[in-house]
Amino acid sequence: MCGIVGCILNDKKAAPVLLECISKLEYRGYDSVGIATVNENTKKDSTKKDSTEKDSIEKGSVENSSIEIKKDSGKIKEVDEKVHLADMGGNIGIAHVRWATHGIPNKTNSHPHMDNSGKIAVVHNGIIENYSEIRENLEKEGYKFKSDTDTEVIPNLLEKYMKKGMNLEEALKEALKIIKGSYAIGAICKDNPREILAAKKDSPLIIGVDEEKGEYYIASDAPAILNYTNNIIYLDNGEIAILNDDGVVVKDSNDNIVDKEIDVINWTADMAEKEGYDYFMIKEIHEQGIAIKNTLVEKDNIQDIIANIDGNINRICFVACGTSFHASLTGKYLIESMAGIPTDVIVASEFKYSANALDENTLVIFISQSGETADTLKALRKANETSKTLAIVNVLGSSATREADHVIYTKAGPEIGVAATKTYISQLICIYLFAGLLAKNNDLLNDLEKVPDYIEEVLGNEDKIKEIAIKYKDAEDFFFIGRGLSYPTALEGALKLKEITYIHGEGYAAGELKHGPLALIDDDIPVVVVVPPGDSYDKTISNLEEVKARGAEVIAIGPCGDEFIEEEVEDTFCIDKEVSEILAPLVYVVPLQLLSYYVSVERGLDPDKPKNLAKCVTVE
Ligand code: F6R
C-alpha cells in the first residue's frame, strides 16, 4: 500500500500543498516520501543547498522547464527536516508515500521515479506484475535502471513512446496496454509543464476539482485533499484522467470521453487517517479480503523457497509470539496432516529454555508482523547457528527479514491498530500457501481464492455480531473453544478479547474443558463455540452440549442452515456452509475479531490503543 497525490495550482506553490496532502496518507506507507514539481523556466542553483539536501535532490533536464524531485527514505517528518520538502518551486506536482513492495526502502527506491532522460516523473501505487519482463526488454533497448522497483518501468516506457512521436497521453495509453497488475499512477512531464496524467486499475485514485479557482488534484483517497476541495470524481478501472488548466477530462480504455459525475462529499479532513472508519482496527478488519489477495501474490516466492529447501528438511519448527503464535499453531495442523512433516510450535520467549533438537535438517519458521519482536529475533539468531531459517513478516526491511535465510512477506499493508487482524489473516495465507505447495494440494491452493468473498459475507452481517457484543459486554469472563484447526481460532478469539476489552477470555481445546476448566463454567460465563462442518463437528457439538448443560450462555459460530445450532443455541453467527473445515481458520476468526471490537467500543474503550500494549515489542 502506498499513497499518491498531485495538484495543479495557479499562483500557489505546489510543494507545501503536496506535503500537507501526502501527510494525510502516511497511514498508507511510511518507508519513504517524495515530491516532484515542474519548474517552468527554472535553473535552480543547487550549489546553495547544504550537502545533505543536495544529495536528496534530483534534477531533470533543464530547457524551458524542468522536473525537480526531492525524496528520501524515512517518515515524512524526518525527510522534511532533512531536505525541506515544501521548499520547491512550481505550481504543479505529484507526491508519494511508500510502503515498499519491490526493493528495500531507501532513497533510490523512493518515488517519484524518472525516465532516463529526466523529463518524466511518475508516482505509483500498486504492483506491476510483469515488470521484470518489461524491464528486461527496455534494458535491451539501452534503458538504464537505478532502482529495484517495479514502478521505474513506467516513466521509461512513457519516454520510449514519446521518443516515437507520441504525446504524454498517447504514450500512457500505449504503456497501459502492456502493463499487467494494479496501479494508481500520477505522471508529469517537462514537455507538458501544466498537465498531470492519472490512470487507475485496482488501486484507488480520485480526482479533486475546485472549478472556482481552476485548481485540480489527484489522490489515493479523498481525505488527503479535503482541506482544498470536497468535489470528487471517482475514477473507475481502466480510466485515465488528463488534468490541465482547462479542467479534467476522463477517458475510458476505448479512448471515449466519459461524462463523470462530481460527488460532493461531507467528510472532514481529520477523518483522513482512518478512511472514515471509527478506528483503525475496524478498518483493518474490513481490509482482510484485499490483504488476502495481495498476499496470494507471494505464491511464486514460496514455491521458489520450497524448491530451495525441500528434500533436506525432515522437521519444521515454528517460533512466534501472541497472534503470530496462533497462526503458527494452524501451520502445525496443516503441514503435519497434508505434508506429513513433523512440526513443532514454540513460543519465542520459551525458545531458549529448551534444547529444541534443532539440526541442519530442521527448517525453523519465524512468524512476526513487525519483524522486530525481541523474543522472536533472539530465537532466530540462535536457530541460525544450526538450522535453515524462514521469516514470515509484514514489515519490509525489518530485522527478521534481514537475518533469516529466506523471507515471505505478508502483504497486508501497514497495520496501525495494536490488535493484529489483517496481518493474522495474511500470515495464515502464507502458511496455507506453504503447506499447500509442499503437499502439492492444488485444490486447497485454488480454494484460497474464494476466501475474500467468504469474509465479505461475514462483514455483511456485522450488525448481528454487534448485537451479540452489546448483550455480553458486561460479562467478566469468556471461554472460547474449538477442536483441531479451530483450536488456534479459539485461542486467537480469546486473545483479541483480552487485549482490547480487558475481559478475561480463555481459549481452550474443546475436548480439554472436561479436564479441569469445566469446573468454572456456570450461567455467568459466555462460551463461544467455534464449530465448522467437518470431522471435528460432532465432538465439538458434544462439548457445546456439556457447557450448555452447566448453564453457560453459548455463542455458536457455525455453518449457515445447521438445524441443530439454530434450534439449540440462542446466540449464533453463521458462516457460509461452503467454508470447509480446512478453510475455517481463515473465515471463522472474523466474527471473533468483530465481537472483541464491538465489546471494546461498547465499553467505551479505544480498541486501537489498548493499555500496556505496544504494536512492536522490542524487549524480552
Ligand atoms: C495481538 C498482537 C500480539 C502480537 C505479538 C507478536 O493482537 O498483536 O500478540 O502478535 O506481540 O508480534 P509480532 O507478530 O510483531 O512479532
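Predicted model: local features only at pLDDT ≥ 70, side-chain atom pairs only at ≥ 80, totals over all residues.
Me: Is Lys-440 buried or exposed?
Reply: The cut-off for exposed is over 50% relative accessible area. Lys-440 has 66% relative accessibility, so Lys-440 counts as exposed.

Me: Where is Tyr-502, a residue with positive phi, found?
Reply: Phi of Tyr-502 is near 65°, and Tyr-502 is a residue other than glycine. Tyr-502 counts as partly exposed because its relative accessibility is 32%. Its place is the loop between helix 17 (486-501) and strand 23 (504-509).

Me: Which residues come nearest to the ligand?
Reply: There are 14 residues around the ligand. By class, this shell has five nonpolar, seven polar and two charged residues. The residues that come nearest are Ser-324, Ser-368, Gln-369, Thr-373 and Glu-499.

Me: What share of the ligand's accessible area does the protein cover?
Reply: On its own, the ligand has 410 Å² of accessible area. The share of this area that the protein covers is 89%.

Me: Which elements give two or more residues to the shell around the ligand?
Reply: In terms of domains, the shell draws at least three residues from each of domain 2 (275-458) and domain 3 (461-620). The elements that give two or more residues are helix 10 (322-339) and helix 17.

Me: Which residues does Glu-499 contact, leaving aside neighbours within four places in sequence?
Reply: Glu-499 is part of helix 17 and is among the residues that come nearest to the ligand. Its relative accessibility is 13%, so Glu-499 counts as buried. Away from those sequence neighbours, its contacts are Ala-419, Ala-420, Pro-610 and Leu-613.

Me: What is the relative accessible area of Ser-328?
Reply: Ser-328 is in helix 10. Beyond neighbours within four places in sequence, Ser-328 is in contact with Phe-318, Ala-320, Val-345, Ile-367 and Ile-431. Buried means under 20%. Ser-328 is buried because its relative accessible area is 0%.

Me: How far apart are the C-alpha atoms of Gln-303 and Phe-434?
Reply: Gln-303 belongs to helix 9 (residues 299-309) and is partly exposed, with a relative accessible area of 35%. Along the chain, Gln-303 and Phe-434 are 131 residues apart. Their C-alpha atoms are separated by 7.7 Å.

Me: Which two residues does Glu-26 contact, apart from neighbours within four places in sequence?
Reply: Glu-26 lies in the loop between helix 1 (14-23) and strand 2 (32-40), and at 23% relative accessibility Glu-26 counts as partly exposed. Glu-26 and Pro-414 are 388 residues apart in sequence, with 9.7 Å from C-alpha to C-alpha. With sequence neighbours set aside, the contacts of Glu-26 are Lys-75 and Ile-76.

Me: Which side chain does a polar contact of 2.9 Å join to that of Glu-68?
Reply: Glu-68, in strand 4 (residues 65-73), is buried because its relative accessible area is 1%. Pro-607 is 539 residues from Glu-68 in sequence and 42 Å from Glu-68 in space, C-alpha to C-alpha. The polar contact of 2.9 Å joins the side chain of Glu-68 to that of Asn-39.

Technical notes. Residues numbered from 1 in each chain as written. Heavy atoms only, no water. Buried < 20%, exposed > 50% of the residue type's maximum accessible area, 1.4 Å probe, protein only. Helix = DSSP H or I, 4+ residues; strand = E, 2+ residues; numbered from the N terminus. Near = heavy atom within 4 Å. Areas by Shrake-Rupley, 256 points an atom, 1.4 Å probe, with all protein chains shown as cover. Nonpolar A, V, L, I, M, F, W, Y, C, P; charged D, E, K, R; others polar. Domains from an automatic or database assignment. Contact = heavy atoms within 4.5 Å. Polar contact = N/O pair within 3.5 Å; in protein donor to acceptor, adjacent residues only side chain to side chain.
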